[in-house]
Amino acid sequence: MPDRTDYPALIAGHTVIIEMINSGDAGLPVLNQLLQVAQPAVGAAGMAFVEFAPSGGRVIAATGAAEWTMGRPLPATDPVTICLLTGPRVQCVRTDRFDNQLAVELAERGLHRMVVCRAEIAGHTVGSLHALYPAGADEPSAEQHGVVGYLSSCIAHMYGDQSGLPVHGDGPVVAALADGLAVVDRDAYVRLWNPAAAQVTGRSSADALNQPLPFPLPPSGQVLDHQLPDGRWLRITSGELPGPGTLRVVTFRDISDQQRHDDERDLFVAVTSHELRTPVTVIKGYADTLTDHWESLSETDRRQAARVIGQRANELARLLDRLLSSAAEAWPGDGPPAPFDLAETLRIAVADLPADLRRRATLQLPRDLPRAVGHRQNLGTVLTELVTNAAKYSPPGSTIEISAGADARTVCFRVSDRGIGVRPEHVERAFDRFWQGDSGDRRRYPGTGLGLYLVRRIVEQQNGWVFLRPRTGGGTVAEVRLPRR
């Protein structure tokens, strides 16, 4: 660790970041660049940023010795998570004082100390910035604490702009505890603003009273759904207040979840109809041909038609399995995670791949690969989805490499391709349900956007995690990590 913070390097690196923002870059690319600038400036072995949502946190950016944590979830009840969300905003934490899995892994890798700072907007934590230091390093100085705090504030400002952040779509929104209530005069100026109104809108009574109502006022007795600038939706109703004068009472509540579910339902219908259209059309066409021209077709033509019908029927069955699995709340019959032979499971899963994928896949397994802990029966689905995704975004006939490895705490396998690669801002969005890198009827790559969503869901139910990263020389690596027995 340097005796002093390298301020010239920090300022030079920060200039590059500002230029990135001014040229239109946002989100993860800027965040990753910020961590790369910060690491040498504060003398850290690695940097990481954890984004927090109501359900917990997830590592969305990491550099140096912390890069292996990419994609790692932090449950809301985890002791480390609780520590990060409480106490001083900037603090130095010893990893060897915690006994949870992530802290133990950090300590085992020699990262015994980290300076942590919360990124906050109006008192609401959107994430935490971590500078990790090895054993034997000097105690981080006040300068290092100050720089980490400053950089954390810069990240919070990025979230406030909502330019590509948050990655998972859960912005710094405080959920409403009850309906908001306001009383307005004939000019729609606020005369009463209850506490729930402040919670729903984020506007205090002092800011709201004697000011115009901060959203449209529907006619008396009618309902209006209105989207706020921050993306949330309010359902607003109004009515005349009994008695003399021209006061009106306005009630409103946050319906963002309902609106999101409605949007997901509409998207589900649109995606399903789009993806079903092609195989159904092909099956119907070949079936009609067989029915109308059976006698005039050669035996070879009949067999080819039957083969195509079978292939398209398999596509339909696979699509329906994906749709049903994505809608299910739990995976029936899985039971608790148990030790299993990952190497043998991968061999069987590769042998069970569809023929076109099996021909492109190469399997490289080390000797004496440790046993993993999880659900063996679901690993075939995980591997098939990852190989299918790799094939879709890489040249026809190109090799898809499947390899495995282990460290002191986890066992992993990787699916690597030589395709178009993955953009930094897409490494997390790719796991969202129904998300596609390109969309519309003219999109280059088919699919429902469910494969990687299902993969992450299956893996995390086994206490593991999965992430994507660009492959050196071009292409993408998908890595799955499971607990080691």
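1. Is Arg 109 buried, partly exposed or exposed? Arg 109 is partly exposed, at a relative accessible area of 37%. The scale is as follows: buried is under 20% relative accessible area, exposed is over 50%, and partly exposed lies in between, using a 1.4 Å probe and protein chains only.

2. A word on the basis. This is a predicted model, in which local features need pLDDT of at least 70, side-chain atom pairs count only at pLDDT 80 or more, and totals for chains, interfaces and linings use all residues. Residues are numbered from 1 along each chain as its sequence is written, and side-chain values use heavy atoms, with hydrogens and water left out.

3. Arg 109 and its partners. The side chain of Arg 109 forms a salt bridge with that of Asp 407, at 2.6 Å from N to O. A salt bridge here is a side-chain nitrogen of Lys or Arg within 4 Å of a carboxyl oxygen of Asp or Glu. The two residues are 298 apart: Arg 109 is in the loop between H4 and E5, and Asp 407 in the loop between E15 and E16. Helices (H or I, at least four residues) and strands (E, at least two) are DSSP runs, numbered from the N terminus. Asp 407 is buried, at 19% relative accessible area. Arg 109 also lies over the face of Trp 68, 3.9 Å from the ring centre. The criterion is NZ of Lys or CZ of Arg within 6 Å of the ring centre and within 35 degrees of the ring normal.

4. Helix H4. This helix covers residues 101-108. Its buried residues are Leu 102, Ala 103, Glu 105, Leu 106 and Ala 107. The spacing is worth a look: an α-helix has 3.6 residues a turn, so residues three or four places apart point the same way. The cover over the buried residues of H4 includes helix H3 (79-85), strand E5 (111-121), strand E6 (124-134) and strand E16 (410-416). Contact means heavy atoms within 4.5 Å. After H4 comes Gly 110, with a positive phi near 85°.

5. The five-stranded sheet. In what order do the 5 strands of the open sheet run? The order is E13-E15-E16-E18-E17, with mixed pairing. Strands E13 (361-364) and E17 are the edges, each pairing on one side only. Neighbouring strands are turned by 20° against each other on average, direction ignored. Two strands pair if DSSP finds at least two bridges between them. E17 and E18 (residues 476-483) run antiparallel and are joined by 6 bridges. Leu 468 stands opposite Ala 478 in E18.

6. Helices on that sheet. Helix H10 (residues 342-351) packs on the sheet and touches E13, E15 and E16; its direction makes about 25° with that of E16. Helix H13 (residues 451-460) also packs on the sheet, touching E17 and E18, and its direction makes about 135° with that of E17. Axes are lines fitted to C-alpha atoms, for helices over the stretch in contact, with angles from 0 to 180 degrees between N-to-C directions.

7. Other salt bridges. The whole structure has 21 salt bridges. One of them joins the side chains of Arg 414 and Glu 479, at 3.1 Å from N to O. Arg 414 is in strand E16 and Glu 479 in strand E18, 65 residues apart. Arg 414 is partly exposed, at 21% relative accessibility, whereas Glu 479 is buried at 3%. A network of salt bridges links Arg 109, Asp 407, Arg 414, Arg 469, Glu 479 and Arg 481.

8. Aromatic pairs. The search finds 2. Phe 49 and Tyr 159 form a tilted pair, 6.1 Å centre to centre with 40° between the planes. Phe 49 is in strand E1 (residues 46-53) and Tyr 159 in helix H5, so this pair ties together parts 110 residues apart in sequence. Phe 49 is buried at 0% relative accessibility, and Tyr 159 is buried at 1%. Phe 215 and Phe 252 form an edge-to-face pair, 4.8 Å centre to centre with 65° between the planes. Both Phe 215 and Phe 252 are buried. Rings of Phe, Tyr and Trp (its six-membered ring) pair if their centres lie within 6.5 Å; planes under 30 degrees apart are stacked, over 60 edge-to-face, and the rest tilted.
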